[in-house]
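Subject: Structure handover

Hello,

Here is the structure for you to take over. Please open it first, then read my notes below.

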Amino acid sequence: MSERIRLNNVRVSYLNVFKARAMSAEQEPKFSAQIILPKDHAQVEEFKEKILKVAKERFPKIVTGNKIPSKLKIPLRDGDAEFDEEEDLEVYGGCYFFNSNNKQRPTALNRDRSQIAEEDNILYSGCYCNVIVDLYGYDTAGNKGVGAALMGVQFLRDGEALGGRGVSANDFDEVEEDDDDDII
């Protein structure tokens, strides 16, 4: 069984929602995103509760009570514990983060719920979005835990780009024919 959650006003990074990518040659390409949310985000507790619910349902003999044993992997990670470089802490300090992916292309929407295409250059690593993920239990090749399937991303607002941002036609000025002398 899975649990769906919509997380509002979260930052996205490593955003691959238009083209599936493989992290290595032997992996199957997937659509993916890393979701970053402040530790004081209004939905952190709800997210943790849903992770616990999925873990209890999938692993009833391992998960008893309200604590997930460390031998089970969970998606939510602590940015303060995982990173110590100043550059990383600027992004992850005071935040939780998790990776989500899907073999199926997730829905990508603008604020007005219209579809977004890659060439629209609206979604990028560093922008803020509403995201929908399905939490699910897995037991594969000795690894057990709760994973997050990326189901949809809705652009909410711009943020500082992480790792560079693509360019669109809007980033350039229109050049008139008689402006050719100004090019050099």
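Y92 is buried, because its relative accessible area is 7%, and the cut-off for buried is under 20%. Bear in mind that this is a predicted model.

The structure holds five aromatic pairs. One of them joins F83 and Y92. This pair is stacked, at 4.3 Å centre to centre and 20° between the planes. F83 also pairs with F97. That pair is tilted, with 5.6 Å centre to centre and 45° between the planes. F83 lies in the loop between α2 (79-82) and α3, and F97 lies in strand β4, so the pair ties together parts that are 14 residues apart in sequence. F97 is buried, with a relative accessible area of 1%. F83, Y92 and F97 form one aromatic cluster.

The charged end of R157 sits over the ring of Y128, 3.8 Å from its centre. The charged end of K39 sits over the ring of Y96, 5.7 Å from its centre.

The largest share, four residues, comes from β2. By class, the lining has 10 nonpolar, seven polar and five charged residues.

The second largest pocket has a volume of about 320 Å³. Y92 turns up again here, in a lining that also includes R11, Y14, E87, D88 and L162. β1 and α3 (86-92) are the elements that give two or more residues to this lining. α3 gives the largest share, five residues. The lining divides into five nonpolar, two polar and five charged residues.

Next, P75. It is found in the loop between α1 (44-58) and β3 (77-78). P75 is buried, with a relative accessible area of 8%. What does P75 contact, leaving aside its neighbours within four places in sequence? The contacts are I51, F97, F98, L135, V146 and A148. So F97, a member of the aromatic cluster, also touches P75, and F97 is itself buried at 1%. P75 and S100 are 25 residues apart in sequence, but 8.1 Å apart in space, C-alpha to C-alpha.

Q154 is another buried residue, with a relative accessible area of 19%. It is found in strand β7. Not counting residues up to four places away in sequence, Q154 touches L109, N110, R111, R113, Y128, C129 and N130. Y128 is the residue whose ring has the charged end of R157 over it.

Last, some backbone angles to check. Most residues other than glycine have a negative phi. N121 has a positive phi of about 55° although it is not a glycine. A141 has a positive phi too, near 50°. Both are in loops. N121 is found between β5 (107-109) and β6, and A141 between β6 and β7. Is each one buried or exposed? N121 counts as buried, at 18% relative accessibility. A141 is exposed, with a relative accessible area of 78%.

Over to you.

Best wishes

Definitions and conventions
Residues are numbered from 1 along each chain as its sequence is written. This is a predicted model: local features need pLDDT of at least 70, side-chain atom pairs count only at pLDDT 80 or more; totals for chains, interfaces and linings use all residues. Side-chain values use heavy atoms; hydrogens and water are left out. Ala, Val, Leu, Ile, Met, Phe, Trp, Tyr, Cys and Pro count as nonpolar, Asp, Glu, Lys and Arg as charged, and the others, Gly among them, as polar. On a 1 Å grid over the protein atoms alone, a cavity is a set of points where a 1.4 Å probe fits but cannot get out, and a pocket is an open set with protein on both sides within 12 Å along at least five of seven lines; lining residues have an atom within 4 Å of a point. Grid points are joined across faces, edges and corners, and a volume is the space filled by probe spheres set on the points. Buried means under 20% relative accessible area, exposed over 50%, partly exposed in between (1.4 Å probe, protein chains only). Contact means heavy atoms within 4.5 Å. Rings of Phe, Tyr and Trp (its six-membered ring) pair if their centres lie within 6.5 Å; planes under 30 degrees apart count as stacked, over 60 as edge-to-face and the rest as tilted. A charge sits over a ring if NZ of Lys or CZ of Arg is within 6 Å of the ring centre and within 35 degrees of the ring normal.
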